[in-house]
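Below is a short report on one protein model. It covers strands, a helix, ring pairs and backbone angles.

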Amino acid sequence: MKIGILESGNMGRALGARWAAAGHQVFFGGRDQAKTGAVAEFVGRGTQSGSLHEAAAFGDVLLHTTRDAMPSAMTSSPEALTGKILIDLNNGPIPEGFAYPPIEQSFTERLQADSPQTRVVKAFNMFAMELFEHDAETIAEHQVAAFIAGDSDEAKATVSKLAADLGFTPVDAGPTRNARLLESMGDFIRYLMIAQGMGPFTAISAVSLPATEKQSLGGRHDSKFS
């Protein structure tokens, strides 16, 4: 698959490198083209580099990695975005004391409103770049969940395949509105990583326990208090 990376910071570099290793065609785009060129040279595997517009035009799937610019401001013509799948992995800034306000509109929803000609999917917002130091086999062994939200089932299926290529267990998290929930979960994961000192390899497993053969606790009763 052809993947355009919009800015090549920590997450863009990590995901781009892993997808290139998995056999995908990757183009790193950025405002600082010397930096993106260095990233492409470091990653190797036939990766390319250039401007943000060139990356957007190249990719069938685009990875949006920065909070400080909307997709429409990253290209010189909207046609470069038309029909593309746009993966949003962003979370909001960390406030003092980790006192996060309620999320009334997700960053994903803002991206979709900015570029309605794209299909925006929320994914990969619960991982630090260090987690990608693990290979796909290790990530798969630990059943690390990649929660994926968006309004297009086709786009979510494509992103799920890209997540599975990296060893993640894709979990359909519902429509775009649910990106608010995923961003809140991302905030909580960052709290565990930083405030609780659990570190950048903290992740959520997709393990689901089997049902019990019998109920010894009386079963679930209908209750307005449940």
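Helices are DSSP runs of H or I with at least four residues, and they are numbered from the N terminus. The model is predicted.

Just after helix 6, G167 takes a positive phi of about 100°. Strand 7 holds residues 145–148, and strand 8 holds residues 169–172. The two pair in the parallel sense, over 4 bridges.

Which residues of helix 6 are buried? They are A155, K156, T158, V159, S160, L162 and A163. An α-helix has 3.6 residues a turn, so residues three or four places apart point the same way.

An open sheet of 6 strands runs in the order 3-2-1-4-5-6. Its pairing is parallel. Strand 3 (48–50) and strand 6 are the edge strands, and each pairs on one side only. From one strand to the next, the twist averages 25°.

Inside that order, strand 4 (residues 61–64) pairs with strand 5 in the parallel sense. The pairing runs over 4 bridges. V61 has I85 as its bridge partner in strand 5.

## Aromatic pairs

A pair of aromatic rings is described by the distance of the centres and the angle of the planes. How many aromatic pairs does the structure hold? The count is 10. Take W19 and F124: their ring centres are 5.8 Å apart and their planes stand at 75°. Planes over 60 degrees apart count as edge-to-face, so this pair is edge-to-face. The pair links distant parts of the chain, 105 residues apart. W19 lies in helix 1 (residues 10–21), while F124 lies in the loop between strand 6 (119–122) and helix 5 (136–141). Both W19 and F124 are buried.

F98 and Y191 form another edge-to-face pair, with 5.7 Å centre to centre and 80° between the planes. This pair also links distant parts of the chain, 93 residues apart. F98 sits in the loop between strand 5 (85–88) and helix 4 (107–114), and Y191 sits in helix 7 (residues 179–195). Y191 counts as partly exposed at 30% relative accessibility.

Ring pairs also build a cluster: W19, F124, F127, F132 and F168 are linked in this way. A ring can meet a charge as well. The charged end of K2 sits over the ring of F58, 4.8 Å from the ring centre.

E7 is a residue other than glycine, yet its phi is positive, near 80°. E7 is placed in the loop between strand 1 (2–6) and helix 1. Its relative accessibility is 13%, so E7 counts as buried.

F124, from the ring cluster, has a positive phi of about 65° although it is not a glycine. At 2% relative accessibility, F124 counts as buried.

Key. Residues numbered from 1 in each chain as written. Predicted model: local features only at pLDDT ≥ 70, side-chain atom pairs only at ≥ 80, totals over all residues. Heavy atoms only, no water. Pairing = 2+ DSSP bridges. Buried < 20%, exposed > 50% of the residue type's maximum accessible area, 1.4 Å probe, protein only. Phe/Tyr/Trp six-rings, centres within 6.5 Å; stacked < 30°, edge-to-face > 60°. Lys NZ or Arg CZ within 6 Å of the ring centre and 35° of its normal. Axes fitted to C-alpha atoms, helices over the stretch in contact; angles between N-to-C directions.
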